[in-house]
Amino acid sequence: MSTEPQQPIIVCKDVHKWFGSFHVLRGINMEVQKGEVVVIFGPSGSGKSTFIRTINRLEEHQRGTIIVDGIELTHDVRNVEAVRMETGMVFQQFNLFPHLTVLQNITLAPIWVRKWPKDKAEKVAMELLERVGIPEQAPKYPGQLSGGQQQRVAIARALAMQPKIMLFDEPTSALDPEMIKEVLDVMIQLARSGMTMLVVTHEMGFARAVADRMYFFDQGQIVESGTPQEIFNNPKEDRTKLFLSQILQH
Amino acid sequence: MNTTSDSVTPPAPPRMLEWIQKNLFNGWLNSALTLIALVFLYFVVVSSARWAFFTADWRPVTTAPLLFLVGQYPREQLWRPGLSMLLSTFMIGISWGIWPRYLKAFSIFLVVLLAGMAIVPLETPTITLGIRAAFLAASLLIYAGYLLGRSKFVNARLAVMLWTVIAVLISLVLLPGIPKSSALPSVPTTAWGGLLITLLLAIGGILLSFPIGVLLALGRRSSLPVVKVFSILFIEVIRGVPLVTILFMFSVILALFLPAESRIDRILRALMGMVVFSAAYTAENVRGGLQAIPPGQVEAAKALGLNGFQTTTLIVLPQALRLVIPAIVGQFISLFKDTTLVVIVGINDLLGVGNSVLKLSPEFFRLQMEVYLFIAAIFWVFSYFMSYASLQLEKSLGVGER
Ligand SMILES: Nc1ncnc2c1ncn2[C@@H]1O[C@H](COP(=O)(O)OP(=O)(O)OP(=O)(O)O)[C@@H](O)[C@H]1O
Ligand SMILES: [Mg+2]
């Protein structure tokens, strides 16, 4: 049960997925403890996004089991809804709702899913906007914000549901270099506050700073995993070494 | 160019002259074209005005204005369409106060028009003092409604509720009446006609076909095979058939198959035909909007825990609909103009009245031009204000878009 600290909050056992006949995920095993920060990296097309999206069932897995906070993801819609209440997700392309203001973006789910009264939702939203450093943007529309500001709103929007787990799929890849830091700072602060995080990213500075474990994906499999020290200082697999040498050149 | 920095001179006239010189008389070719166009315009305007005021014979319109307004609606029951007009104009006024951006131009036009109709120097016995008073009252009610709508007593939600109640009351109680009652004796719809019918069909058609069209568009993308197949069949069959045929089918075939006592009223049948037709086209327009919404929007909504219904109504539809406003308003305008087709199933709408007025007297028979121009003008005015409102809506929704 989730009240027991030893029990992992995410358990994936032998997860497989196919797109048509294309075998995207080939037996992923992973356990994430409460409060852990996990970084997933690997070459393009290796299935990182697909994997992280199976955790809140934006993609269905076809074999194996995924258990999130004690709830197994099956075809049962109630389980899926329960898991989505516990997980927040931040996308590469922000995916803010352009027809709603920043404040409305953040309060939407608390009001409609958690059934909070509007003033409570707005109070929490403003606190979160303070936390990500842009309270003054509340009345604006997403289209009037910079990329970095939009991504920080997206993080606040996910946090407003008070999730136990946060999923990040390349949250800084669509940002100009000068905006990457402002988003990473928010994420580092979140990691240090004890949030359980699964982060697909190639920001190795972030991984070094806060990751507890790192997983290297290639061709739908976990090639290697370990602490940042192990991965950076002493990678075992040749494919990991090659990939790290390529991305660390920049 | 003469650019004077003297700030004392009034800036407007020189600017206009400058504009004229720069745009109309720059170079001899442009000047010649401008002159030719001006001469042409002069002749068109002058000869049209001369025709309208001196040659044209407007008696078909002026002898039977009530026919154009309400058809054969019993004259002793005229207070009922009259009250309907007063209620509607009051609501138009309230709406003007709440949504001035879209309704200001139309409302002011109506105020002036109705006031004009109250005092127009026409020597027709049918336009009694009472009717003139009603027009004047309607004109004043628009303004009274405006003042109320601007105040804090009425908000958009209340206005929509009032509109709904009043529309239902007018179309289901006030105009048709209650069978066997003495205060509101029933008036068969065969007696209804003119602008009354045209507006009822247009407004009813628009209000009913819009939600049905949206549902069909959503149904077409549904994951339930039955819903999906039904929606596709409905849309494609209706879109493959001309409106005239649909109107015939609804007025003849529906009447044949249903037993006489459960007969649906013929105006209702025509309305159903219009609704079905317009819904299929609305559905296709809305589908275009739905397709333009990036999948990331739905994913973000799902990831936040919103269910399918919430995702559709809160995220997808609001974005999709604002993309297709111009197309849908265009669809409504053509629906409005297409109401004239009900003439062929024997309904006496504005055009039907026009046709029958021409037969009122042998003298009128050659005055088709006048009658049809008059009807065309009415349709043009309504269509114009509809597209004007749509343009304003597009502009205001564009704010803050990405
Ligand atoms: N909906 C889909 N249908 C078919 N194939 C898909 C679909 N989504 C992804 N794929 C394929 O699955 C593979 C893995 O995709 P995925 O997006 O998970 O990779 P990734 O590791 O996130 O790569 P990137 O770093 O480019 O984001 C790719 O080859 C991709 O083309
Ligand atoms: Mg990816």
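A polar contact is a pair of N or O atoms within 3.5 Å; within protein, one of the two must be able to donate a hydrogen and the other to accept it, and residues adjacent in sequence count only if both atoms are side-chain atoms. With that in hand, I begin at the ligand. A polar side-chain atom of A:Glu170 lies 3.2 Å from an oxygen atom of ligand 1. The protein covers 59% of the 630 Å² of accessible area that ligand 1 has on its own, areas being computed by the Shrake-Rupley method with a 1.4 Å probe, and for residues only the protein chains shown count as cover.

A word on conventions. This is a predicted model, in which local features need pLDDT of at least 70 and side-chain atom pairs count only at pLDDT 80 or more, while totals for chains, interfaces and linings use all residues. Residues are numbered from 1 along each chain as its sequence is written, chains are lettered from A and ligands numbered from 1 in the order in which they are written, and side-chain values use heavy atoms, with hydrogens and water left out.

Let me return to the ligand site. Two further polar contacts involve chain A: an oxygen atom of ligand 1 is 2.4 Å from an N or O atom in the side chain of A:Thr50, and an oxygen atom of the ligand is 3.0 Å from a polar backbone atom of A:Gly47. The surrounding residues, meaning those with a heavy atom within 4 Å of the ligand, include A:Phe19, A:Phe22, A:Val24, A:Lys48 and A:Ser49. Which elements supply at least two residues of this shell each? They include strand E2 (22–32) and helix H1 (48–55) of chain A. The largest share, 3 residues, comes from H1(A). Helices here are DSSP runs of H or I with at least four residues, strands are runs of E with at least two, and both are numbered from the N terminus.

I now turn to the loops of chain A. A:Thr201 is placed in the loop between strand E8 (196–200) and helix H7 (204–210). Is A:Thr201 buried or exposed? A:Thr201 counts as buried because its relative accessibility is 5%; buried means under 20% relative accessible area, exposed over 50%, and partly exposed in between, with a 1.4 Å probe and protein chains only. A polar atom of the A:Thr201 side chain lies 3.0 Å from the backbone nitrogen of A:Glu203. Neighbours within four places in sequence aside, A:Thr201 is in contact (heavy atoms within 4.5 Å) with A:Val39, A:Ile40, A:Phe41, A:Thr172 and A:Phe206.

A:Asn95 occupies the loop between strand E6 (87–90) and helix H3 (102–112) of chain A. This residue is buried, with a relative accessible area of 10%. Which residues does A:Asn95 contact, leaving aside its neighbours within four places in sequence? They are A:Arg157 together with B:Gly296, B:Gln297 and B:Ala300.

A:Asp69 is not a glycine, yet has a positive phi of about 50°. A:Asp69 sits in the loop between strand E4 (63–68) and strand E5 (71–72), and is buried at 10% relative accessible area. A:Gln162, also not a glycine, has a positive phi of about 50° and lies in the loop between helix H5 (147–159) and strand E7 (165–169).

That brings me to chain B. Its secondary structure comprises 17 helices and 0 strands, and its C-alpha trace spans about 75 × 65 × 45 Å along the principal axes. Of its 402 residues, 40% count as buried. Among the chain B contacts with a separation of 6 or more, 74% join residues 24 or more positions apart.

I close with two loop residues of chain B. B:Val324, between helix H14 (308–323) and H15, is buried with a relative accessible area of 8%. B:Val324 and B:Gly288 are 36 residues apart in sequence, and their C-alpha atoms are 7.5 Å apart in space. Neighbours within four places in sequence aside, B:Val324 is in contact with B:Asn285, B:Val286 and B:Gly289.

B:Ile344 lies in the loop between helix H15 (325–338) and helix H16 (350–358). This residue is partly exposed, with a relative accessible area of 38%. Not counting residues up to four places away in sequence, B:Ile344 touches B:Val244 and B:Phe248. The C-alpha atoms of B:Ile344 and B:Leu169, 175 residues apart along the chain, are separated by 28 Å.
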